[in-house]
Amino acid sequence: MDISKFLETHKLTGRWLIAQLRMVGYEISDSFLSRILSGERNSDYAQEVRTAATAICCRYEKSMDERSTTNAKAVQNDR
């Protein structure tokens, strides 16, 4: 997954992702996240953070899909 593209598509920021990563135990700076996303950092830790970020993005996308489905059903029920 291209995390930068995901953030852009969903109008989310790197700061949002950092906050989400902090909730699961990763303390990283804006610049470190930027270097990870650009591929400049490829250490085991960077890969671990990238994997966690991908999981966060997938959960976000899934929750948005579920909201869309719920909203569509609500609209149909109102008709």
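**From the cysteines to the core**

Guide: A search of the whole structure finds 0 disulfides, a disulfide being a pair of cysteine sulfur atoms within 2.5 Å. Cys57 takes part in no such bond, since the nearest cysteine sulfur, belonging to Cys58, is 7.0 Å away. With a relative accessibility of 0%, Cys57 counts as buried; the term buried means under 20% relative accessible area, exposed means over 50%, and partly exposed lies in between (1.4 Å probe, protein chains only). Cys58 is likewise in no disulfide, and its nearest cysteine sulfur is that of Cys57, at 7.0 Å. The relative accessible area of Cys58 is 37%, so this residue is partly exposed.

Before going further, a word on the origin of these values is needed. This is a predicted model, in which local features need a pLDDT of at least 70 and side-chain atom pairs count only at pLDDT 80 or more, while totals for chains, interfaces and linings use all residues. Residues are numbered from 1 along each chain as its sequence is written, and side-chain values use heavy atoms, with hydrogens and water left out. The pLDDT is the predictor's confidence in each residue, from 0 to 100. For the protein chain it averages 89, and 85% of the residues score at least 70. Confidence is highest in helix H2 (residues 14–23), at a mean of 97, and lowest in helix H4 (residues 44–78), at 83.

The protein chain has 4 helices and 0 strands; helices (H or I, at least four residues) and strands (E, at least two) are DSSP runs, numbered from the N terminus. Read from that end, the order of the elements is α-α-α-α. Of the 79 residues, 25% count as buried.

In soluble globular proteins, nonpolar side chains tend to be buried together. A nonpolar core is a set of buried Ala, Val, Leu, Ile, Met, Phe, Trp, Tyr and Cys residues joined through side-chain atoms within 4.5 Å. The largest one here has 19 residues, and Leu17, Leu21 and Ile28 make the most contacts inside it. Helix H1 (3–9), H2, H3 and H4 are the elements that give two or more residues to this core. H4 gives the most, with 7 residues.

Ile28 shows how the surroundings meet at one residue. Leaving aside residues up to four places away in sequence, Ile28 touches Ile18, Leu21, Arg22, Leu33, Tyr45 and Val49, where contact means heavy atoms within 4.5 Å. In the protein chain, 48% of the contacts with a separation of 6 or more are between residues 24 or more positions apart.

In H2, Leu17, Ile18 and Leu21 are buried. Seen down the axis of H2, these buried residues fall within an arc of 100°, so they line one face of the helix; the arc is that of the directions from the helix axis to the C-beta atoms. On the other side of H2, Arg15 and Met23 are exposed. After H2 comes Gly25, with a positive phi near 100°. In H3 (residues 30–38), the residues Phe32, Leu33 and Ile36 are buried. Viewed along the axis of H3, its buried residues also lie within an arc of 100°, so they line one face of that helix. H3 is followed by Gly39, whose phi is positive, near 90°.

The C-alpha atoms of Arg15 and Asp30 are separated by 7.0 Å, although the residues are 15 apart along the chain.

The C-alpha atom of Asp2 is 8.2 Å from that of Leu37, a residue 35 positions away along the chain. Asp2 is partly exposed, with 48% relative accessibility.
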